[in-house]
Amino acid sequence: KDEPLVLGIETSCDETGVGVVRGHTLLADAVASSVDEHARFGGVVPEIASRAHLEAMIPTVERALREAGVSPRDLDGIAVTAGPGLAGALLVGVSAAKAYAYALGKPLYGVNHLASHICVDQLEHGALPEPTMALLVSGGHSSLLLAPDITTDVRPLGSTIDDAAGEAFDKVARVLQLGFPGGPVIDRYAREGDPRAIAFPRGLTGPRDAPYDFSFSGLKTAVARWIEARRAAGEEVPVADVAASFQEAVTDVLTRKAVRACAEQGVDHLMIGGGVAANTRLRAMAEERCRRAGIILRVPRPKLCTDNGAMVAALGAEMVARGRAASDWELPADSSLPV
Ligand code: KG4
Ligand code: ZN
């Protein structure tokens, strides 16, 4: 096989992810998460994340290589998330990748976290058409990106001006006292609720608003106020209805803007990635709206949507396949790396 064999390391947030791919084929996807250690703080604590990465790194690399059944000597490259993300967390991954690449005599590829969230879909659905439109929604980002070339040219069309979509899920879950991370719990409660029970606001959807930007902090506040009013009146909070109505507002805006971007930019493929892409309502609504608009929708399985090392390996393999230049040993961990 002459498809590139690449190991990828991801440490931008709270998961230590190590993946191995051969071209578009997933061979291993090992993830060690410190999410439980952050849960009692209601959000990711950078110091805890960095330390957890340090402890998990070597065992996770070894597990991925074992799972893939490959020898590190056969690798064509080591890819690593260079940013954006938590500075200390990124630094652990970048340092480890440099050490492995140097010791094994392999080229090092620093990649962008957002681009790799898009590229991972090649492991699910094969080669990405170019240009691809991508909606990336997670706890740290909510962006619409146009990718004429996934290895060199990913253009941000718009992003959130306040909270990320996943952050809104987490904050609303906190108000509802459902724990952290909030997305999966709200998703579960919403299935039992009525999405039309409460008309929560759709941010930035007016005719004069930026067409590709998002805003979720007003929605979060509206939900919190609604719940407070209920509690103040001594009434029970209908958790399932609140969850469903909130989730409906978020997914309505995300899919509406993504479909509109495809139509206006003349792109007939939409990929959705990031942790929030695991949301069942988002997937269903996107499917329906894309079908009506004649857009082909690509959403990887949930495990590939959340942060993982396979997505980094997938983009690294694409860089090797296209003969892109490797990074040098000075490769910095850049917490605000632009796409
Ligand atoms: O991509 P990810 O694992 O990490 C970041 O880069 O942020 O995304 C985590 C975010 C969290 O905010 C979590 O609440 C959200 O994704 N999330 C979901 C679901 N699963 C995870 N949000 C909505 N519905 C879900 N099923
Ligand atoms: Zn991410």
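Modeller: Before we start, a residue is called buried here if 20 or more other C-beta atoms lie within 10 Å of its own. Also, this is a predicted model.

Colleague: Fine. Is His113 buried or exposed, then?

Modeller: His113 has 26 C-beta neighbours inside 10 Å, so His113 counts as buried.

Colleague: Where is His113 in the fold?

Modeller: His113 is in helix H4.

Colleague: And what does His113 touch?

Modeller: Leaving out residues up to four places away in sequence, His113 touches Ser12, Thr81, Gly83, Pro84 and Gly85.

Colleague: Which residues does UniProt list under "binding site"?

Modeller: The UniProt record, an unreviewed entry, puts that feature at His113, His117 and Asp307. They span 195 residues in sequence, but no two of their C-alpha atoms are more than 8.9 Å apart, so they gather at one spot.

Colleague: Where does Asp307 sit?

Modeller: Asp307 is in the loop between helix H11 (302–305) and H12. Asp307 has 27 C-beta neighbours inside 10 Å and therefore counts as buried.

Colleague: What is Asp307 in contact with?

Modeller: Setting aside neighbours within four places in sequence, the contacts of Asp307 are Glu10, Ser12, Cys13, Glu15 and Gly17. Ser12 is in that list, and Ser12 is also touched by His113.

Colleague: Now the overall layout. What are the domains?

Modeller: The domain assignment gives domain 1 as 5–120 + 308–321 and domain 2 as 132–300. Their C-alpha centres lie 27 Å apart. The contact between them takes 14 residues from domain 1 and 20 residues from domain 2.

Colleague: Which helices are on the domain 1 side of that contact?

Modeller: Helix H1 (35–39), helix H4 (113–119) and helix H12 (309–321) each supply at least two residues there. H4 has the largest share, five residues.

Colleague: What does UniProt annotate over residues 26–313?

Modeller: The unreviewed entry has "domain: Gcp-like" over that stretch. Across residues 26–313 the chain is 50% helix and 17% strand, and the end C-alpha atoms are 9 Å apart.

Colleague: Switching to H3. How many residues does H3 have, and what is its span?

Modeller: Helix H3 covers residues 87–104, which is 18 residues. From first C-alpha to last it reaches 26 Å, close to the 26 Å expected at 1.5 Å a residue.

Colleague: Which H3 residues are buried?

Modeller: Ala89, Leu90, Val92, Gly93, Val94, Ala96, Ala97, Tyr100 and Ala101 are buried. An α-helix has 3.6 residues a turn, so residues three or four places apart point the same way.

Colleague: What do the buried H3 residues pack against?

Modeller: They pack against strand S1 (5–10), helix H2 (46–68), strand S4 (77–83) and strand S5 (108–112).

Colleague: What comes just after H3?

Modeller: Gly105, which takes a positive phi of about 70°.

Colleague: Last topic, ligand 1. Which residues come nearest?

Modeller: Of the 19 residues around ligand 1, Gly139, Gly166, Gly183, Gly275 and Asn279 come nearest.

Colleague: Which helices supply that shell?

Modeller: Helix H6 (165–175) and helix H7 (182–190) each give at least two residues to the shell. H7 gives the most, with four residues.

Colleague: How do the shell residues divide by type?

Modeller: The shell around ligand 1 has six nonpolar, ten polar and three charged residues.

How values were computed. Residues numbered from 1 in each chain as written. Chains lettered and ligands numbered in written order. Predicted model: local features only at pLDDT ≥ 70, side-chain atom pairs only at ≥ 80, totals over all residues. Domains from an automatic or database assignment. Contact = placed C-beta atoms within 7 Å. Expected span 1.5 Å × (residues − 1). Buried ≥ 20, exposed ≤ 12 C-beta atoms within 10 Å, placed from the backbone. UniProt positions renumbered as here; feature names shortened; annotations may be inferred. Near = placed C-beta within 6 Å. Nonpolar A, V, L, I, M, F, W, Y, C, P; charged D, E, K, R; others polar.
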